[in-house]
Amino acid sequence: MEKLKEENADLKKRVEEIEKRRDDQERRDRRLNVVMRGVEVEGGNMKDAAVGVLKKLGGLDKEIKIREVYKIGNRMNDRMNDRTNESVLLVKLNSLDDKKEIMIRRNKLTGTKIYVDDDLTKDERERQKEIRFWAKREKERGRRVKVGFGKAWMNGKEYVWSEERKKGGKQKGKATEEGEKRSIKGVFWNIAGLKRKDEDFWDFLKDFDVIGLSETWVEEAGWGKIKEKMPDGWRWKCQPARREKKRGRAMGGIITGIRKEIEERSRSEEEVEGIQQREVVVDEERWRIVTVYNKEGSKEELDRLKEMIGEREEENMIIVGDFNARIGKEGGFCDQNGEEKGENGKERRSKDGVVNKQGCELVKVVGERGWLILNGWKKGDEEGEWTYEKAGGKSVIDYGIVNLEAEEKIRCFEIGCRAESDHQPILIELGKEYTRQEKEKESEAEMIQDWSEEGIEIFRKNIEEVEWEKGEGGGRWEEMEEVMKRAPKMKRKGGRKEVGWVPWWDRECREKKREVNRAGRRYRRRKVAMGWVWSYGERKFKGDVRWRLKLFDSIVKGILLYGVEIWGYKEWKEIEALQEKYLRWILGVKSCTPGYIVREELKRNKMRVETGWRAGRFEERIQKGEGGEIGRESIVERRKEEREKRKEEWTRESLERREYLWRGGVSEEALNEWGEGKWERLRERDIEVDMQQRGEQVRISRSCKNYRNVIGIPEYIRKSKKREGKKMQMIARWRCGNEERGNIG
């Protein structure tokens, strides 16, 4: 009988493992899918209907490519209890980048009948349904509840949804309050920048007890600001990112966190760049946890790792991180009994079969030290899942490595499925448990009604969904009062604000920030764009200077002058130098040729002429009320302050504007007297000033003293043809003084 019970328990365990493996595979198959509800399909063309939904999102960075579209049902009309022509579509995409772009912008559909969600499995849908039902019941009792994926927060306290197997195979969930004994879980993730992560990212991290984040791009000065806003309950430690050049962002950076309930021991070793270690004690056992970011997969970094760990390993050790190395299926290791480590005695598996030079070095180090690579055989990652995906390319470059003492105590090793980074998180569960003994803190925050534009929209939508029935008496009035209390959106007031929180940040701000970021990236790539324009013009037009100048005006100038309405009053030397550099390229003159000479040769004005004119036209439109009443009042108030305050108290924008007006020989009073067309008249004056300054510089020039000024563009440039580029450049070098030394004697 006992043998039968053991066989039954073993069979049950195997079935649960098979079901879990099946669920994991189903979840991975759905990772690139989205579900669109409430889509109207005309003529049976489902792909066109899905493309129409993507167009409604607007402002996508790139064209989203749809692989397949299936119709999985019609949407039910809740009031009429019948089916409508609004369909439910399952859309399969090509990459996680496309899905991330869609999920970020799906708030654009607020107010419509179309909803875009993740493609959840049946168990996940049932679980979320039970969580929402539980949350609704608790809200009716007057409690503050927020629903997440597989969990919820009530009155500031986190509840994790656990599932229990019942008879008949049905599942029933329950909310388990924190404070119970649970196993230690860790997450290690190359996040490609910390500052842009949203609330969902931080909610995901709060499920783990050991956190290792690499490539954070957080510098030492930035960590001082972020540290105080990091989530409570963890002891945080930062290795700041470093700048290799003055320009551009910092590279690397590691941040790790250990829950305060877990005992930690401090280590005296000197910190090594790209490696950060923490030591914890659980059930009187020491665990050494090392987070690694090997930027280029270099051998020197691996040598520093070996040196830091040392020869003796008296504790359980875990090394996890981004090694930037591809090892394929290499790295198997036999234990002391000669059995190869792997599931059912098989070799380590991997979906990435490529082995590169960095991978060979990593395998060599692992073999020398007798370590084990967990990818591709440990429970949870039997197939060796991809850990990196970008622009359609996939690879396995993130690994978990342990020593023999720790291998048997690792309960689970998984590759997560998230869209916040091009790397996937590594999830590790230790076979050790601890009890969270968090003291419930009295929250100083209170909930208030949100009457922002987004809140009003939600209030209107909730009221429209209410079914009003005819009736009399005080009961109907009480019911109406209760409905009106629940309809407004509630938001938190006061309390501790975590990283990334600001009170005024709403959906509109997020959209504007993305637009500015895209424009900023274009602005930083201005030199690349100018180089491309020059090379294209060199191949296509060669000696035809007029067309090459048109290329600059149509492409490069659009990038340079982005946001000129804000900063246009000031003369920026960097932008002027960029135009002069391009003109030197066209004429083929030396880089030491003065900028005023090449501008005079081609009769080109400084960029400040157009930037100041655009800024003035923008100010004029704001004063007319085209930018809203608030914008008009702010301009009026700014001009009033300029009249009342001293010059030393003016803002930078006011000083730049004053300098621009005086350059044209106009005061504020005279400008207002000009009336309509005043900025066009001021632009003409600025052109005259620029020509005078340019002519004076040419007259007193020493480097080009024999330069002869002509009226209009010189004839050799006007008549230059496509195949006469070398001839044109030779004449330009003689005129601009590059060949004068060779003419002496």
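These are my notebook entries on what I looked up in this structure, which is a predicted model.

**Entry 1: the whole chain**

I started with the overall counts. The protein has 745 residues, and buried ones make up 42% of them. I found 24 helices and 24 strands. I then turned to contacts between residues at least 6 apart in sequence: 66% of these join residues at least 24 apart. The protein exposes about 44,300 Å², with carbon and sulfur atoms supplying 47% of that area.

**Entry 2: a six-stranded sheet**

Next I picked out a sheet to walk across. In what order do the six strands of this open sheet run? I read S13-S14-S15-S16-S20-S17, with mixed pairing. Strand S13 (263–265) and strand S17 (372–373) are the edges, each pairing on one side only.

Is S15 mostly covered or mostly open? It is mostly covered, since seven of its nine residues are buried by the cut-off of under 20% relative accessible area.

On one side, S15 pairs with strand S14 (residues 275–282) in the antiparallel sense, over eight bridges. I noted one of the partners: Val-281 is bridged to Arg-286 in S15. S14 and S15 make a hairpin with two residues between them. Asp-283, in that turn, has a positive phi of about 55°.

S15 also pairs with strand S16 (residues 316–322), and here the strands run parallel, joined by seven bridges. Val-292 has Gly-321 in S16 as its bridge partner.

**Entry 3: aromatic pairs**

I went on to the rings. How many aromatic pairs are there? The count comes to eight. I looked at Trp-189 and Phe-204: their ring centres are 5.8 Å apart and their planes stand at 80°, which is over 60 degrees, so the pair is edge-to-face. Trp-189 belongs to strand S9 (residues 181–190) and Phe-204 to helix H5 (residues 199–205), so this pair ties together parts that are 15 residues apart in sequence. Trp-189 counts as buried because its relative accessibility is 2%. Phe-204 is buried as well, at a relative accessible area of 15%.

Phe-323 and Tyr-399 gave me a tilted pair, 6.3 Å centre to centre with 55° between the planes. Phe-323 lies in the loop between S16 and helix H8 (357–369), while Tyr-399 is in strand S20 (residues 398–402), so the pair ties together parts that are 76 residues apart in sequence. Both Phe-323 and Tyr-399 are buried.

I then checked for a cluster around Trp-189. Trp-189, Phe-201, Trp-202, Phe-204 and Phe-208 form one aromatic cluster.

**Entry 4: charges over rings**

Where does the charged end of Arg-249 sit? I found it over the ring of Trp-217, 3.6 Å from the ring centre. I also noted Lys-550, whose charged end sits over the ring of Trp-547 at 4.5 Å from its centre.

**Entry 5: nonpolar cores**

Which residues have the most contacts inside the largest nonpolar core? They are Val-545, Leu-560, Leu-587 and Ile-597, in a core of 31 residues. The elements that give two or more residues to this core include helix H14 (545–560), helix H16 (573–587), helix H17 (595–602) and helix H24 (725–735).

Leaving aside neighbours within four places in sequence, Ile-597 is in contact with Val-698, Cys-704, Tyr-707 and Cys-736.

There is a second, separate core of 22 residues, and Val-282, Trp-287, Trp-377 and Ile-428 are among its members.

Is Glu-610 buried or exposed? Glu-610 is buried, because its relative accessible area of 18% falls under 20%. Not counting residues up to four places away in sequence, Glu-610 touches Lys-557 and Leu-561.

Terms used: Residues numbered from 1 in each chain as written. Predicted model: local features only at pLDDT ≥ 70, side-chain atom pairs only at ≥ 80, totals over all residues. Heavy atoms only, no water. Buried < 20%, exposed > 50% of the residue type's maximum accessible area, 1.4 Å probe, protein only. Helix = DSSP H or I, 4+ residues; strand = E, 2+ residues; numbered from the N terminus. Pairing = 2+ DSSP bridges. Contact = heavy atoms within 4.5 Å. Areas by Shrake-Rupley, 256 points an atom, 1.4 Å probe, with all protein chains shown as cover. Phe/Tyr/Trp six-rings, centres within 6.5 Å; stacked < 30°, edge-to-face > 60°. Lys NZ or Arg CZ within 6 Å of the ring centre and 35° of its normal. Core = buried A, V, L, I, M, F, W, Y, C linked by side-chain atoms within 4.5 Å.
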